Each structure stands twice: as structure tokens, then as C-alpha cells.
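Reader: I would like a close look at the domain assignment, along with the packing and pairing around it. Please keep it plain, and give the cut-offs behind each term.

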Amino acid sequence: MASKTININLKIWRQKNVNSKGSMETYKLDNVSTDSSFLEMLDQLNEQLVNSRQEPIAFDHDCREGICGMCSLYINGEAHGPDRAVTTCQLHMRKFKDGETIYVEPWRAKAFPVIKDLVVDRSAFDRIQQAGGFVSVNTSGRTMDANAIPIGKAEADKAFEAATCIGCGACVASCKNASAMLFVSAKVSQLALLPQGQVEAQQRVLNMVKQMDEEGFGNCTNTGACAVECPKEISLENIARMNREYLKAMVAAD
Amino acid sequence: MSKSGIFTSSLAKKYWMALTGLFLITFLVGHLLGNLQLITKTGEEGRRAFNEYAYFMGHNIFIKILAYVTYFSILAHACIGLYLAVQNKKARPQNYAYNRPGTNSGAASRYMAILGTIILVFICTHMANFWYKQKVAETVPLHVLHKEITEEQQNPMTGQTIKQVIPIDYVLTTKGDYMPFAYVDPQSQQKMELMDVKEGTHLYDKKAELQVGEGYRDLHTVVMNFFGQSEQGQPTNEWALVAVILYVVSMFVLMFHLWHGFASSFQSLGLNHKKYNGIITFTGKAFAIVVPLLFAIIPVMIYLNR
């Protein structure tokens, strides 16, 4: 397939630091290969900015193959851009037209403050994880092989699907309420579905939801936007599972 | 160890929204079945049926309990809902410069708070127009089934029994519960209190301790007058057309609220299962269309038959 190039206009959020007031800036970028990824296009823009002695645009990225959850970006009004089930690094410039104006903004949420340009602080997710998103394992002496416990295929698959959440925050970014319920429910589900996770299930869900509320995320109104925009296609079923788990724990936990 | 927070945690608030929402959905069914009597039965029979029904609703102890649960549900649903809406707004202090929410979610689901607020305003006007009038403030005409009473008198000279039919052409209105009512004496043109109301709806002749008829508070006429039909010489509402239009618009708003709210309440309670999701969604959408539509037809038909 022959490679094509397009010329695009970009409107990108620039913000010096966490305390400064940012604004949308306009850039023009020519000769963008349609085979390049969105992040490669931003690299190309940064090269152009550096060559003209301007400050390059800060954006998060790491593996660039859709598994690390580092890249973010609200592109043309959607988290990770117009494509479905992909992260921004997997989004290709062939999805855009020649001469198109592309809006690039950081995730917008009180719990995700902008650090610089397009980079947001997602450590709220880490703190939710630390509140209960783990299984306590006694590591002194003989530890048991996890695979020694038989687990049904259907349950194992569901747990694995929940575990594919990369914690990118697209759910929060897409949600009109900036709610983190899809993320938290995936983390609750991946453990609640497995026998190893059952032991601490009640306290886990209580503690993780408590931390989620404290971080200042909004409340779920079941619009379903999160599941549509999720690059890993985490299902709303997980939110229902979390609701069940929490209800059980709220009524029955010590 | 964390406190569960039956009122404070985000998930607990969702449960309250879902439970009160589901209760109000069942309330709608009951309310609709009652209202439909306004158009399914006509004439004096319809008037009687509706007023008897209204009397039952106001005096049955189980209905009274349900009524208080309904008031609580409306208040809780509205208060928690508005609180959540404010919290959700705060969770995103800065909006996107360019946003396309239509690509990932339905409009009804995104405007639940606004739709709900409109419905709350509707409920307030609705209760002021019917509930308040009937329960507290204004006097409501009494629906008297017997428009005349027969008095028997013995002629002392001849021993003959004279039957005298006295038309009741003046009916006192009631306030609160039933009050004694009177008629205008044809000779003296004086108002005379002739009757007592006992056992709720039974009218008794004061002198003879005889049951002479039944009386109901005439909510039927209140409704008919409000939506433009004139009965019993009561003045009709000159804003009837506006009332009908606003009522129908409110039902459209309710339709959108239910379009998302019905299935959403199941999800909030964790009732999401492949086997049942289809039927829940279908029932929810069918309910959202049929129930508000039937509600809306009633005032339209009353207005058109005026």
C-alpha cells in the first residue's frame, strides 16, 4: 500500500505547569504520513517546534504498542481519538483527512490535574489500587503456586478480561461525570472473580470505593460512554459486579 | 477498616436513586390505572367511579402508607439526584474545548438531571393543582348522588301521609373532610343545615337520622374543569389549553427520563446479566413510551370533549 501524506491543522492544549492557566494553541503540520501513529505525528510536530526554537509539547507515552496505559489524549472530542478499542499510540493518521483540524486536549478531571501541556497526574489511580487492588500473599517460606487452585474457564476468562484494563483513564476522560467506576470495577472484578481474591473481597471493594470517592471522581450515571471509549473494551458488567460486591459488603461486612 | 457509609458513599447514593426510582416507576402504574378511569368511563357513572376511587385512595390505610413512601421517594430521588449532579459537575472543573459525547452515549442518559428537574417542577405544579386543592387548601365541590330528598309528613287533620320532595339546589363545599351540607329552603330562602355526613360518604338527614344519599368530594369535576370541561356549572379553567400542552410536554420529558432510568436502576443495583439484560432494556423502553403516552392522552381527550 502506497504511503500517502496529509497536511493538518492542530489545536493543542498548552499549559506551562500545574498552577498556570493553559490555552488552546494552533499549529500547522505538513507532510504527515498516513501510516504514522498519532504519537509519531506529535513527534514530528515537536521536531518542527524544536527546530524553530520553540518549547516542544509534553505528552505521556511509553510502550507505544497499546499495553502500558501511558498515552492518553482527548482527540477530536473523544478519548484516544475516533477509533474504537485502541490507545492513542495505536491510532493512525489514516483516520484523518487532508486539511482536517484536529483538537488535542488532556484528560479533564478534578482528580487528574494537568501537570504540563497534555500530561496529567494519574496517581489517583495508584492510590485506589493501593487501597485494596491486591491479594495479600504470605511470601515467607513455601508459597503456593497460583495455578494449583482449579478455576473454571468461564470465570478465569472474565477475570482476565477485567484484568486487561491498563489504567489509562479514558473512562474518566469520557465520562460526563469524570467517574472512575469502570476502572475501579475492573480492578475489583479481576480479583473478586478468582478464589485468591475472595478472601479479602469485602474489605477490598469498600476501601477502593472509599478511596475513589476521596480522590474527587464523579458518580456513575450509567451513560455507558466509558465502555465505548475504553481501549481494552472493559464491560459495564464489571460496574454491576462492583455494585453487587459493594452492596454485599456494605450490608454484611464487619 | 472503612465505614460503609449508607448515605455518603457514591455507590450507596446510586442504590438510593435506583430503589426510589423503581418505586416511583411502580407508583406510575398505579397512578395511571387510576387516571385512566377519567376517559374509560363517561357521564355520571364515570364521575361516581372516579370520586369513589379518590375516596378510597384517601382513606385506605395501606394506600396512605404507600403515599408516604411515595412522598419520601420523590424527595429523596430529587435531593440525592441534585446533590449528585452538583458533585459530578465539580468532578470536571474545566470542560473540553471540543467534545463529542454523542459518539459514545445516548442523549437521554446525559441529561437525566435536567430532565429530572423539569419533572420535579411538573410534580410541584401537579400537586398544587390537584393534591393540594384536594387535601388541604381549597374547598372541593361535593358530589352528591341524590339531588333531592323526600320528606314524609303526616297531616294531623286527615292522617294522610304527604310526601314532599325537596330539591337540594345548594351544596356547601367541603374543606378537609366532609362537612354538613345544606339546602335552600324554598319558602324562606334560608340556608338550612339538613344533613350530616357519617361513615365517610353517607349523608344522613339530621332530623330523621335517615340515610338519604351518598356524597363524595368531587375531584372528578376539579380535574374536568382544570382541563377545560365544564360540569355542574363550575367555571372552567381559562388556561386549560396551556395546562394540557404543559402536561403533554412534561410527559415527553418523563418519557426520556424513563428511557434511560428504567434499565439504569437495574444496573445500579448490580442486576446485570446476559440472560436478562435484553428483557430489562426492552421492558424499560416499552414502559418509557407507553406509560407517559397514556398519561398524556387523558388531558388531551378531556380537552377535546369539552
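Author: Chain A is divided into domain 1 (5-105) and domain 2 (122-252), with bounds taken from an automatic or database domain assignment. The model is predicted: local features need pLDDT of at least 70 and side-chain atom pairs count only at pLDDT 80 or more, whereas totals for chains, interfaces and linings use all residues. Residues are numbered from 1 along each chain as its sequence is written, while chains are lettered from A and ligands numbered from 1 in the order in which they are written.

Taken over C-alpha atoms, the centres of the two domains of chain A are 30 Å apart. Domain 1 of chain A brings twelve residues to the contact and domain 2 of chain A brings ten; residues are in contact if their C-beta atoms, placed from the backbone, lie within 7 Å. On the domain 1 side there are six nonpolar, five polar and one charged residues. Here Ala, Val, Leu, Ile, Met, Phe, Trp, Tyr, Cys and Pro count as nonpolar, Asp, Glu, Lys and Arg as charged, and the others, Gly among them, as polar.

The largest nonpolar core has 75 residues, and those touching the most other members are Val104(A), Ala109(A), Cys171(A), Val172(A), Leu182(A), Phe183(A) and Val184(A). Such a core is a set of buried Ala, Val, Leu, Ile, Met, Phe, Trp, Tyr and Cys residues joined through C-beta atoms within 7 Å. Buried means 20 or more other C-beta atoms within 10 Å of a residue's own, exposed means 12 or fewer, and partly exposed is in between, with C-beta atoms placed from the backbone. Helix H5 (residues 181-192) of chain A gives the most to this core, eight residues. Both domains of chain A contribute to the core, so it lies between them. Leaving out residues up to four places away in sequence, Phe183(A) touches Phe125(A), Cys165(A), Gly167(A), Cys171(A) and Val172(A).

Helices (H or I, at least four residues) and strands (E, at least two) are DSSP runs, numbered from the N terminus. Helix H9 (residues 237-252) of chain A has 16 residues and should span 22 Å at 1.5 Å a residue, which agrees with the 22 Å between its end C-alpha atoms; the expected span is 1.5 Å times one less than the number of residues. Buried residues of H9(A) include Ile239(A), Met242(A), Tyr246(A) and Met250(A). They pack against helix H3 (153-163), H5 and helix H7 (201-214) of chain A, together with H1 and H7 of chain B.

Between the chains, 42 residues of chain A are in contact with 38 of chain B. H1(B) supplies the largest share of the chain B side, six residues. That side has 14 nonpolar, 18 polar and six charged residues.

Ile12(A) has Glu25(A) in S2(A) as its bridge partner. S1(A) also pairs with S5(A), in the parallel sense and over four bridges, and there Asn9(A) stands opposite Thr101(A).

Asn31(A), in strand S2 (residues 23-33) of chain A, has a positive phi near 55°. Asn31(A) counts as exposed because it has 9 C-beta neighbours inside 10 Å. Ala85(A) has a positive phi of about 60° and is found in the loop between strand S4 (78-79) and strand S5 (101-105) of chain A. With 13 other C-beta atoms within 10 Å, Ala85(A) is partly exposed.

Technical notes
Contact = placed C-beta atoms within 7 Å. Pairing = 2+ DSSP bridges.
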